[in-house]
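I set out to look up helix packing and aromatic pairs. My entries follow the structure.

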Amino acid sequence: MRKSGYRTVFHIYLIFFLAMLGAILAASGLLFLLITVRRPDGSLARSNWPQTFAGEFREEIMFDGGAVRVSREGIRLLRDNGVGLQILDSSGADIANYQKPELARETYSRADLLRLSRDGRWEDEETTAFIGSVTEEGEEYLYILYVPVNISKVTMYLNGERFAGGKAVILPVLGCLFLAVVISGLLYGILTTRAMRQVIISVGDVSARSYLPVQKRGVFRDLYSSLNGLDEQIRASDRLKEQTDRMREEWIANITHDLKTPLSPIRGYAEVLLEDGGENEAQVRQYAGIVLKNASYMECLIDDLKLTYQLENGMLPLRAVEGDVVRFLRELAIDILNAPDYEERTIRFEAGQESVRYPFDPTLFERAFRNLVINAFVHGNEDTEVTLRVWDSDGELRIEVADNGAGMGPEACEHLFDRYYRGADTGQKTEGTGLGLAIAKGMIELHGGTISVASAPGAGSVFRIVFPHA
C-alpha cells in the first residue's frame, strides 16, 4: 500500500507538473505569436520591425536641388519588402511616391496624419502605415511607409524607476512562484493519495461485506455516496440470494417428497398386479386408474420443471397467431368446468366486447390462464368462485382473473410470482410445484404483457393482466 501511495503521489505530481508546463508553453507560444510578424519574403521578424524600418528609412531619402528622390538601396528595400512609400511636403501634399497603395490619398490634413499615425490604417486590415519625418534646409518633410502586414499599435508607459528596480527582483519572484507551485502540487498529491487510500480500503470493505456507511465531505463525497449505495444494493442482493436459496432448498425437499408420493402407490399397485393380477377386472381397472393418475401427476411436475428452465433461458418458442381472445377464454372456462375435479365449481365470464382480436400463442395462453384459474380453486374452498373479465380499453387488452377466496397478505403478494413459492397459508394442504404462477407470469411476459395481483385477507384476489396493442 505504501509503494502504491508513493506511485500515486508521483503520478498526481507529474500530471500537475505537466499541466503547469503545458500552460507555460502555451503562454510562451502565444507570446511568440504576438511579438513576431512574417515578412513578405516569408521570414519571421519581431513585430516592431516595421517601426524600426520606418525610422531607419529616412537615411534613404535624398534632396537634389530641391527635388526629392529615394536612393537605389531604398528602392531595393521597398521592392524586396513590398512596402509602399509616399513623401509629403509641409502642406501634406504628395510630392513623390513608390508602390503607393490605392487607398493612399493625394493630400493629407493634420487630422488625417494624426489618425493615420495613431491607428496605422484607413480601411485595409492587411496594410499598416508608419509615418516618419526628415528635415532639409529647415523645412520638414513627412514620409509614409505602407507595410503589407497587420500590426496593432500599442503604446505602454511604465514607471522608469520601479521598472528598473523590478528587473532585479523579477527572477527571484518567479523562482518563488515556481517553488510554491511545486510544493502545493506535492501537498495536493499527498492529500489526494490519503483520500484514495481510504477509498481503496472502503472498496475492500464493501467486497468483504464489512463496510460501514460513512458521511464524507469534500471532493470525494459523491464517491462515498456511491459506495454507500453500492453496499446497500449488495446487502439487499445477498438477502435476496439467501432467501432464494432457502426457498430453493425448501422446494427441492417438497418436490422430492411430491415425486416420491405418487411413486409409492404406483410401485405398490404394480407389485399387486404383478403378483396375482387382481381379483377381478374391476379391481384391475381401479388399480390401473390409480397408477395412471399418479403417473400423470409426476408428468405435470416434470413438465413444470421443463417450462421453468425454458422460460428462464429464453428457449420457449412463441408461435403467435391472431385470434379472438374473448372466444378463447370462454372456451377455456368451459373446458376447465368439464373436468371432473372442477365440474362442481363456478366460473363467471364477463366481456366488454363481443370480440377482441389479438395475436397470441394458443398453447401458452391456455397454460397461463389455466394455471391462474386452477390456482384460485386449489387455494380456495368449495364455495370459491372465479370471475374472468376481458375487455379492450385505450389500445390495451385487459384481462382479470378474480376470486372470492380467503385472500393473501402483503408478504404473500410480494413473493407470489417467485419460483418455488408454494401458495398462501389457507389452512389446507399446500399442493402444486410452486412454479405455476411463475410459469404463468413468464408466458404472459413472453407475449409482451404484464401481470399484477391485488389481494387482502378475507377479500379474495384479483390478477390483472395487460397486453399492449402493437
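How many aromatic pairs does a search of the whole structure find? I find eleven, counting rings of Phe, Tyr and Trp (its six-membered ring) whose centres lie within 6.5 Å, with planes under 30 degrees apart called stacked, over 60 edge-to-face and the rest tilted. This is a predicted model, in which local features need pLDDT of at least 70, side-chain atom pairs count only at pLDDT 80 or more, and totals for chains, interfaces and linings use all residues. Residues are numbered from 1 along each chain as its sequence is written, and side-chain values use heavy atoms, without hydrogens and water.

Entry on aromatic pairs. I noted Tyr 358 and Phe 467, a tilted pair because the ring centres are 5.6 Å apart and the planes stand at 45°. Tyr 358 belongs to strand 11 (residues 357-360) and Phe 467 to strand 15 (residues 461-468), 109 residues apart; strands are DSSP runs of E, at least two residues, and helices runs of H or I, at least four, numbered from the N terminus. Both Tyr 358 and Phe 467 are buried (under 20% relative accessible area; exposed is over 50%, partly exposed in between, with a 1.4 Å probe and protein chains only).

I next looked up Phe 417 and Phe 463, an edge-to-face pair with 6.1 Å between centres and 80° between planes. Phe 417 is buried at 14% relative accessibility, and Phe 463 is buried at 3%.

Entry on the cluster. I recorded one aromatic cluster of Phe 328, Tyr 358, Phe 360, Phe 365, Phe 369 and Phe 467.

Entry on contacts. I found that Phe 328 in helix 8 is among the residues meeting helix 9, where Phe 365 and Phe 369 are included; contact means heavy atoms within 4.5 Å.
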